[in-house]
Number of protein chains: 2
Amino acid sequence: MKKKPLTIGLFGLGVVGSGLLEVLKDSGYPDAVIRKICVKTPGKTRAVPQELLTFNPSDILDDPSIDTVVETINGSDDAFDIVSRAMRQGKNVVTANKKMLAGNFELLLNLQEATGVSLLYESAACGSIPIVRTLEQHFGTEPLEQLSGIFNGTSNYILSRMFDGNLDFDTALRQAQQAGFAEEDPASDIDGLDAKYKLILLTAHSHGMILSPDQVPHFGIRHLRPEDIRFARDRGLRIKLLPVCRRTGPGRLAVYVIPGLVGDADELFRVDDEFNGVLLQSDYSGAQFLRGRGAGGRPTGSALLSDLLSLQQGYRYAYQKHRMNGSTVLDDQYKLRIYARAPSEIPLQALPFPSPENITRDGNTYVIESEVTLSHLGRQARWLQENEVFVMRML
Amino acid sequence: MKKKPLTIGLFGLGVVGSGLLEVLKDSGYPDAVIRKICVKTPGKTRAVPQELLTFNPSDILDDPSIDTVVETINGSDDAFDIVSRAMRQGKNVVTANKKMLAGNFELLLNLQEATGVSLLYESAACGSIPIVRTLEQHFGTEPLEQLSGIFNGTSNYILSRMFDGNLDFDTALRQAQQAGFAEEDPASDIDGLDAKYKLILLTAHSHGMILSPDQVPHFGIRHLRPEDIRFARDRGLRIKLLPVCRRTGPGRLAVYVIPGLVGDADELFRVDDEFNGVLLQSDYSGAQFLRGRGAGGRPTGSALLSDLLSLQQGYRYAYQKHRMNGSTVLDDQYKLRIYARAPSEIPLQALPFPSPENITRDGNTYVIESEVTLSHLGRQARWLQENEVFVMRML
């Protein structure tokens, strides 16, 4: 039963890469040995032996003694290049790069098929929550009605600060940055892109459908204002940024990311700060809920380590749902009831509503509640956001 | 990549066995074929083709074409006999039998080692919550400070009815039986034994320690009275039956099952009715919480199906924590602050307290709050329960 240790080439030594080194050391796990670390910027002081470092990816990718690549860099194009080259060289790969994965899912699936190597990415979705393996293994054949949750710790931290601390968006964002929960350029987090990448990963395992980012409409919290908070609070509700994958009929899915109102009875109501939560509604087991830390070096490092442990046991994702539900289609006629608020009347014209009387005006604030198809929302998403309209889903 | 379907011999066709057949059929999963079903009682009408049935275990155990045994019977001795014989015949085994597992853990570990077969039991702990695989894989090498939760749906249903419906214990128990959440003989559920078996399974994976049932003190809710509910409610708290495995120092664990007070900030506060919840406090990832349905044919059938899917992929538990932490010991000097209420003063003498003045009397109700070691609690557990003392852990 004794298997030889993994020999690892690590790309990236930022928060995530360093987190992995830390938990590897702390755990005392004997079966994973870091052979080489490829970093980008020369000259930085790093807490690892100099002889482990290289600036040349080929020192890892072309080294036949390295059987496992762990990819934790920032850029998604470079990451795809590294990951696909490693796979073609017959190396197993563990990656935390949700953008790279979501943007190249089909290709990476084919590459797994063609090369027979294993590509694991538990750390790419919802930090420390074991959601990929839960979907892949525990719900590997069980049909799900819905997958939703809070997948982005940064925006959730901001929302929590706005609700509990009565802060406006910019102040809450600055606090998130100071607390280390938001990057200098927070666009991907606050605009819902990061949550969308994760949703795309999870949809492959929860419902077996492979999507590309341009197929999924996303709205973020950038234009959230105190009056929206008030709207929610007056009703005893909170606002959360909610990625959703919902079965709307046999072989039909509605998939979207949008801020939404959440009531007290909902598990997500109390998922605050940088925490993430995942809600599943499954056909046999009913409601399932998982909650954990959504970001940070050690939680993410821990998820990477769990993938290494799985690799050591010869594990690959089976994509059973994808094999069984290959013909699933998007239901872009699925209707959402939404609330939209704009600083003027004009941008709201992009949404269907019976007549101008349906617009509520309060000073410089214009609000409509409307029922709108995903297809319509998707087409107007960019325009609405450019015009500073805050869109959220009603309960 | 194509593997041949599992050929399965099923033992038992009660709620769980039938649940598996149901979800197997519904899911359309093609890679698991039921070859034979062994049942105990002849003459019952059963919704499966007659030719699948047998009353003779050997028809499964000695059939070389059957590579997988699924065990869902009630008795734990018979189950051990079936499971160990199947393993010796080189068959992989999936079982839902927590009592059989907890009572024979060491033997079954050795048998896995000796035979090389895989024994999986996701369905044996916390119904539909994927907790065994989460501990085994996601936290396979990450040290945990604590594992706790609500592992028994029956007692949790009773507690929810007593709190929310203002019912006494006997009425709540009857309601649980009518709702199908309590068996005719509910002793194992209400006395904390069922929760203890599950705790023993999970401790093997969470902390790597193999325990036998007599090493773990357990208290149940049989003697819970309205005055205890009042005590909790007056303080804004609820009472839950809580199995706990806690690291008290390097290589030292406190392991016990006891009703406990739970506050509003605790995730378990809102785990009601037949639901289960598991709380993990992990060294790298921090707090993790999982919630799902704790019992029922389809949720349990779904967990069995997930194990079959894992078998198809060649999966076995690695017991990595057990390999790494083999020398862990029980800390029986760990102290709990407890509340004990008795119908007379005498049984409370079994607990350490400074002097008789520490007993609070109200009519025929005697209460003490005391600090007591696990070792002491374990020695007195049976006597306290025979004397109708309700014991719970203070916050």
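**Two chains and how they meet**

Hello everyone, and thanks for coming. Let's begin with the contact between the chains, which takes 37 residues from chain A and 37 residues from chain B. Please keep in mind that this is a predicted model.

Which parts of chain A supply the side that touches chain B? At least two residues each come from α1 (15-27), α6, β11 (286-293), α12 (297-312) and α13 (320-324) of chain A. Sorted by class, that side of chain A has 13 nonpolar, 19 polar and 5 charged residues.

Now, how are the two copies related? Chain A can be laid on chain B by a turn of 180° and a shift of 0.0 Å along the axis, with an RMSD of 0.0 Å. That is the relation of a two-fold axis. Both copies use the same surface, and 100% of the contact residues of chain A recur in chain B. If you want to find the axis on your screen, look for Leu290(A): of the residues of chain A, Leu290(A) comes closest to the rotation axis, with its C-alpha at 2.2 Å.

While you are there, have a look at β11. Strand β11(A) pairs with β11 (residues 286-293) of chain B in the antiparallel sense, over 3 bridges.

Helix α6 of chain A, residues 131-138, and helix α6 of chain B, residues 131-138, have axes that come within 11 Å and cross at roughly 125°. That angle makes α6(A) oblique to α6(B), and the crossing is right-handed. Which residues make this contact? On α6(A) they are Arg133(A), Gln137(A) and His138(A), and on α6(B) they are Arg133(B), Gln137(B) and His138(B). By class, this contact of α6(A) with α6(B) has no nonpolar residues, 4 polar and 2 charged.

The angle between α1(A) and α12(A) is about 70°, and their axes are 7 Å apart. So α1(A) is roughly perpendicular to α12(A). The crossing of α1(A) past α12(A) is right-handed. Among the residues in this contact are Val16(A), Leu20(A) and Val23(A) of α1(A), together with Gly301(A), Leu304(A) and Leu305(A) of α12(A). The contact of α1(A) with α12(A) divides into 7 nonpolar, 7 polar and 2 charged residues.

What about chain B? There, α1 (residues 15-27) and α12 (residues 297-312) pack at an angle of about 70°, with axes 7 Å apart, and α1(B) passes α12(B) in a right-handed crossing.

Last stop: the sheet in chain A. In what order do its strands run? The 6 strands of this open sheet follow the order β3-β2-β1-β4-β5-β6, and the pairing is parallel. At the edges sit β3 (53-54) and β6 (119-120) of chain A, each pairing on one side only. For β6(A), that pairing with strand β5 (residues 92-95) of chain A is parallel and has 2 bridges. Val94(A) is a handy place to look, with Leu120(A) as its bridge partner in β6(A).

That's the tour, and I'm happy to go back to any part of it.

Methods
Residues numbered from 1 in each chain as written. Chains lettered and ligands numbered in written order. Predicted model: local features only at pLDDT ≥ 70, side-chain atom pairs only at ≥ 80, totals over all residues. Axes fitted to C-alpha atoms, helices over the stretch in contact; angles between N-to-C directions. Helix = DSSP H or I, 4+ residues; strand = E, 2+ residues; numbered from the N terminus. Parallel < 35°, antiparallel > 145°, perpendicular 65-115°, else oblique. Left-handed = near helix turned anticlockwise from the far one by under 90°. Contact = placed C-beta atoms within 7 Å. Nonpolar A, V, L, I, M, F, W, Y, C, P; charged D, E, K, R; others polar. Pairing = 2+ DSSP bridges. Least-squares fit on C-alpha atoms with pLDDT ≥ 70 in both.
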